[in-house]
Amino acid sequence: MTTSCSLVPQNNTIDGNVETPAIDLGEFLTDPDTGEKLQAQLSSSTEQVERAITAATELHRSGVWTRRSVADRVRLLERTAELVEERTAAIAREDSKNNGLPLSISTLFAGGHPDLFRSAATHLKNSSGFEQLPSGAHLHRLAWGPTAVIAPWNAPSFITAKKTAFALAAGAPVIAKPSNWAPSGPNVLAEAISRAIAEVDAPKALFQLVHGGGDVGHLLASDRRIRALAFTGGRAAGSSIAAAASTDFKALQLELGSNNPVIIRADADIDLTAAALVDGFTKLNGQWCESPGSVFVPPHLHDRLVDAILDRTAEIALGRTDDANTTMGPQANEPQLQRMRDTVEFLRGVGGTAVSSTPVPDDSGWFFPPTVVHGISSEQTKSETFGPILTVHRASTDEEALLEANALDTGLAGYVFGADVDAARELATRIDCGENKINSTSLLDLDDHSTQSFWGGSGIGAHGDAELLDFFRGSRIIGVDAPGLPL
């Protein structure tokens, strides 16, 4: 039974109509602070997903929206930004209750959502999709067709907003599906997008929202009418999506996980390094795909580093999401909490020493302290943990550390710490990841115009605003062929 209902209703938006998803998944959305059941998890039925795909397909085939001007698309994006801005507090609250982020952090995230739509509008104005070539031929960059956006539970509204904004900029009808563990913020977002569509007199099927787990994701990925799909989530789910999408070779962007390596050079400032590592592996409660994962440190610095990390984790205020003093919140849900516990038990079982110093609240929520595990081979820690667990390994030289770092199941981010920045930069160029930072573990990209490719097993494609717009578009060249050519 649901004991209270403090979340927004979970609804589909299909061809302009708001309706309840037809299937009860038998699981609950819970309050991460208390474990209290808040709302049943719902899923769209096959029939509801079919109606959404059909509406998107008919819209695309009609050409009604693709014949509208770039100015119309820009107006839609800019009006959406305004309406999202009015709802940032609601989005922040819903996301916080779904993923356990302190409200102060989810508020920062939500505050940036309007700029995602404005950025998409700016990129569209700078790259309208039409170019006259020197030969006189015309190059058109056009939406591939109906597009699916599948978002994760750790950043549900952010991913839904960003991928949707750039797909709309490309001119694609969008069907978004948030995680069944974090649907609430995207429901608020969907209401804003739908209202903007109505206000600018755009087609109702231009944006639709459906719900569910992997089965609904599979329906979207395997349907030949979906011509582009952007997925952010775990490796196993990404592999399933890729397999389902492979039969018709639709455009895929897969942003998957990564066990992100950290190389500590012999000249590193241990206090600075420890502070950055703690900030990194506890950020977003440890639930982010570029969190530092496996640390490689010279043997003579190992104990000092572990002690310095524990000194800092002792200062973390692990607490409720709505407590202004909280610096780290609970894990998102009970299965996520259990994964963290199981991971630590596994690492202990293979000889690791697991230590933590953060006080844990007495509350019955999904609280897990930041934990450092050392004394084991990196062979035991190749995969992403996706939580506040940091493993520390001895590596005698930079070359040994590099070999171990590049042997991980990695590809998104890497980190190097050292006083000699030039030497650290040279080492970072050899880490097989898309973005390698020196002496810091910030969440933000190194440059607003940067492109970060997903290396190795971390996915397909890249993220970067210009690249994201072009991902949703294909090129078509049109012109009068020259007469008399020899071949």
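Q: Where does the largest share of the lining of the second largest pocket come from?
A: From helix 7, which gives seven residues. A helix here is a DSSP run of H or I with at least four residues, a strand is a run of E with at least two, and both are numbered from the N terminus.

Q: What sort of model is this?
A: This is a predicted model, in which local features need pLDDT of at least 70 and side-chain atom pairs count only at pLDDT 80 or more, while totals for chains, interfaces and linings use all residues. Residues are numbered from 1 along each chain as its sequence is written, and side-chain values use heavy atoms, with hydrogens and water left out.

Q: Back to the pocket. Which residues lie nearest its centre?
A: Thr13, Val18, Ala190, Glu191 and Ser194, out of 16 residues that line the second largest pocket. Two or more lining residues come from each of strand 1 (12-14), helix 7 (184-199) and strand 9 (207-209).

Q: What counts as a pocket, and what as a cavity?
A: On a 1 Å grid over the protein atoms alone, a pocket is an open set of points with protein on both sides within 12 Å along at least five of seven lines, and a cavity is a set where a 1.4 Å probe fits but cannot get out; lining residues have an atom within 4 Å of a point.

Q: What volume does the second largest pocket have?
A: About 290 Å³. The volume is the space filled by probe spheres set on the grid points, which are joined across faces, edges and corners.

Q: And how do the residues of its lining divide?
A: Into eight nonpolar, six polar and two charged for the second largest pocket. Nonpolar covers Ala, Val, Leu, Ile, Met, Phe, Trp, Tyr, Cys and Pro, charged covers Asp, Glu, Lys and Arg, and the others, including Gly, are polar.

Q: Glu191 came up. What does Arg87 have to do with that residue?
A: The side chains of Arg87 and Glu191 make a polar contact of 2.6 Å. That term means a pair of N or O atoms within 3.5 Å; within protein, one must be able to donate a hydrogen and the other to accept it, and residues adjacent in sequence count only if both are side-chain atoms.

Q: Where is Arg87 found? Buried or exposed?
A: Arg87 sits in the loop between helix 2 (70-85) and helix 3 (88-99). Arg87 is buried, since its relative accessible area is 13% (buried is under 20%, exposed over 50%, partly exposed in between, with a 1.4 Å probe and protein chains only).

Q: What else is Arg87 in contact with?
A: Leaving aside neighbours within four places in sequence, Arg87 is in contact with Val188, Glu191, Ala192 and Arg195. Contact means heavy atoms within 4.5 Å.

Q: New topic: how many cavities does a search find?
A: Three of 30 Å³ or more in the whole structure. The largest cavity holds about 80 Å³ of space.

Q: Which residues line the largest cavity?
A: There are 14, and those nearest its centre are Asp95, Asn99, Leu101, Phe109 and Ala155. Helix 3, helix 4 (103-111) and helix 6 (156-170) each supply at least two lining residues of the largest cavity, and helix 3 gives the most, with four. The lining of the largest cavity divides into eight nonpolar, five polar and one charged.

Q: Where is Arg118, and what does it touch?
A: Arg118 is in helix 5 (residues 113-126). Residues up to four places away aside, Arg118 touches Ala81, Glu82 and Glu85. Its side chain makes polar contacts with those of Glu85, at 2.9 Å, and Asp115, at 3.3 Å. Arg118 is partly exposed, because its relative accessibility is 29%.

Q: How far apart are Arg118 and His138?
A: They are 20 residues apart in sequence and 27 Å apart in space, C-alpha to C-alpha.

Q: What about phi at Asp15?
A: Phi of Asp15 is positive, near 50 degrees, and Asp15 is not a glycine. Most residues other than glycine have a negative phi. Asp15 lies in the loop between strand 1 and strand 2 (17-19). Phe386, not a glycine either, has a positive phi of about 55 degrees, and lies in the loop between strand 15 (371-374) and strand 16 (389-394).

Q: Last one: how many helices and strands are in the chain?
A: The chain has 15 helices and 22 strands. Of its 487 residues, 56% count as buried.
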